[in-house]
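Hi there,

Have a look at it first, and then read on for what turned up.

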Amino acid sequence: MTDLLTRVHLLLRAGGSTIATAESLTGGRLAVALTDVPGASETYLGGVVTYATEIKASLLEVDQVIIDEHGVVSAECARAMASGVRALMGATYGVSTTGVAGPTEQEGKPPGTVFVGIAGPGLLEAVALELSGDRTRVQQRTCEEAFEALEAVLRREESTLG
């Protein structure tokens, strides 16, 4: 994953962009991965781990209607978390993770049900994932998928500007 993270960092830096993270099931793993890249302080502003639903609502301003109607394991929540952390940190891009790492289901959804949110200038999307494996594997794959999705967004942005 080192090469992927380096590519993401270089794309962010080339665009003069910054990133912030909002994590639930990954518990800070996105932040750890981003700060392992030399020069990360040029692009990574910071992140929050909002494991509890109440913190998603209070810190990231995830609307209670989203929580009540869709749950925290949803594309809607992932988008709201990404948008919330982007605003909170003043970043160009916000990336979020929410879902079920296991071993048991949550909100009637099985382990491996994950959503990655990405918010940026004129952009608000979510990627739905169905991952397999134990808790650690689901968390690792979520991080990889999040960075791959971010890289795709950054490459699209780069191609429209270049």
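Which residues of the largest nonpolar core touch the most other members? Please keep in mind that this is a predicted model. The core has 30 residues, and the ones that touch the most other members are Ile19, Val95, Ile118, Phe147, Leu150 and Leu154. At least two core residues each come from helix H1 (2–14), helix H2 (29–35), strand S3 (93–99), strand S4 (113–120), strand S5 (123–130) and H6. The top contributor is H6, which gives eight residues. Apart from this core there is another one, made of 17 residues, including Leu60, Val62, Ile67 and Val85. As background, nonpolar side chains in soluble globular proteins tend to be buried together.

Setting aside neighbours within four places in sequence, leucine 154 is in contact with Val8, Leu11, Leu12 and Tyr93.

Next, alanine 146. This residue is found in helix H6, which covers residues 135–161. Alanine 146 has a relative accessible area of 0%, so it counts as buried. Again leaving out neighbours within four places in sequence, its contacts are Leu30, Val95, Thr97 and Val116. If you want a distance to check in your viewer, the C-alpha atoms of alanine 146 and alanine 52 are separated by 20 Å, and the two residues are 94 apart along the chain.

For cysteine 77, the nearest cysteine sulfur is that of cysteine 143, 17 Å away, and cysteine 77 is in no disulfide. Likewise, cysteine 143 is in no disulfide, and its nearest cysteine sulfur is that of cysteine 77. Are these two residues buried or exposed? Cysteine 77 is buried, with a relative accessible area of 0%. Cysteine 143 counts as buried too, because its relative accessibility is 3%, and the cut-off for buried is under 20%.

Finally, the surface. Ile55, Leu59 and Leu88 make a nonpolar surface patch of about 230 Å². One of these, leucine 88, is found in helix H5 (residues 75–89). Its relative accessibility is 42%, so leucine 88 counts as partly exposed.

Happy browsing, and do write back with any questions.

Best wishes

Methods: Residues numbered from 1 in each chain as written. Predicted model: local features only at pLDDT ≥ 70, side-chain atom pairs only at ≥ 80, totals over all residues. Heavy atoms only, no water. Helix = DSSP H or I, 4+ residues; strand = E, 2+ residues; numbered from the N terminus. Buried < 20%, exposed > 50% of the residue type's maximum accessible area, 1.4 Å probe, protein only. Contact = heavy atoms within 4.5 Å. Disulfide = S-S within 2.5 Å. Patch = residues over 30% accessible without salt bridge, like charges linked within 9 Å, V, L, I, M, F, W, Y side chains within 5 Å. Areas by Shrake-Rupley, 256 points an atom, 1.4 Å probe, with all protein chains shown as cover. Salt bridge = Lys/Arg side-chain N within 4 Å of Asp/Glu carboxyl O. Core = buried A, V, L, I, M, F, W, Y, C linked by side-chain atoms within 4.5 Å.
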